[in-house]
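Let's take a walk through this structure, one stop at a time. Have the sequence and the 3D view ready.

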Amino acid sequence: MQGDGAGEVSAVARARNLQPDSPVDAKRRLGSPVSAQDLRAMDSSHTKTARRLQASIDRRLADGHIVTMLRQDGFEGPRYDRFVEELVRYGISVLRGWMHSGYIFKLVAQRGFGLSPHELDLEDLATDSDLREELASMTVARALPRFRQQALVDSGWNTEGGASITTYFMGACVYDFPNEFRRHRAAEARHHRALRREKELYQPRVSTVSLAQEIVGNIGVLDELQEIDDPRVQAVVALTLDGYSQEEIRELVDITTIRAVEGLLYRWRTKAKRKRKGDRDD
């Protein structure tokens, strides 16, 4: 699912070449609360939702007894569940905004922990709403137990500390984001390796295919092209047959990422092989 497309090019440009500013006290700084300025550093499309959620949480915390009440409940039960529900919605909203703009990488780098995102990583985050939702949800889920223990149970957060409960929680999320982003990047790498293996297994090597065999194979694909119902898949297959690179195909067919092009080809090849096998069995 695509969305939030405005400003995609500038989002990539703003987040390029991000490196840690200093390795000193990196671990301590990575877990520190974010600032109010950091919370404002979101695209306007995300700011309104985040502010509304923060206002709701702040209203609950305006009464200085709320944390005491939650403590009396052992930080569990219906009141705590409602508090966590709002905190989770807020955290996901803010993280989605930071990922859309690329600002999350600046925050992590400021805390001495560089992820060195590739431009394609930044493009995916700027254009893929589902990816932002997945990474934000996983980051918040991993940050919550440590936040509960350190900020609430161990009284790491208090009203005199200078940070709101929301900025303290977002600091915990920034701490957990690098591991979630690494897991995503590792999964992407495995996906690409699997596609390469599939290509090596099922596509004949150029050195072992005669010109006659290649022509016959191409004619077969041309016949199969007429049976493809999806115009976009048909265009991708035809352009591949004409020798266009996947990056060129991505631009010509207006597909978001190279990975999406590979996925379309993979699904088409799998379907075509099943059909050919069925024809032979008949």
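Start with Phe177, which counts as buried because its relative accessibility is 0% (buried means under 20% relative accessible area, exposed over 50%, partly exposed in between, with a 1.4 Å probe and protein chains only). Keep in mind that this is a predicted model, where local features need pLDDT of at least 70, side-chain atom pairs count only at pLDDT 80 or more, and totals for chains, interfaces and linings use all residues. Residues are numbered from 1 along each chain as its sequence is written, and side-chain values use heavy atoms, leaving out hydrogens and water.

What else sits with Phe177? Both Phe105 and Phe177 are buried. The rings of Phe177 and Phe181 have centres 5.8 Å apart and planes at 25°, so that pair is stacked (rings of Phe, Tyr and Trp, its six-membered ring, pair if their centres lie within 6.5 Å; planes under 30 degrees apart are stacked, over 60 edge-to-face, the rest tilted). Phe177 and Phe181 both lie in helix 10, four residues apart, about one turn of the helix (helices are DSSP runs of H or I, at least four residues, numbered from the N terminus). Phe181, at 1% relative accessibility, counts as buried too.

By the ring rule, the count comes to eight aromatic pairs. In one of them, Phe105 and Phe177 have ring centres 5.9 Å apart and planes at 75°, so the pair is edge-to-face. Phe105 lies in helix 7 and Phe177 in helix 10 (residues 165-202), so this pair ties together parts 72 residues apart in sequence.

Now hop to a loop: Asp254 sits between helix 13 (246-253) and helix 14 (258-281). Its phi is near 60°, a positive value in a residue other than glycine, and at 67% relative accessibility Asp254 counts as exposed.

Terms used. Helix = DSSP H or I, 4+ residues; strand = E, 2+ residues; numbered from the N terminus.
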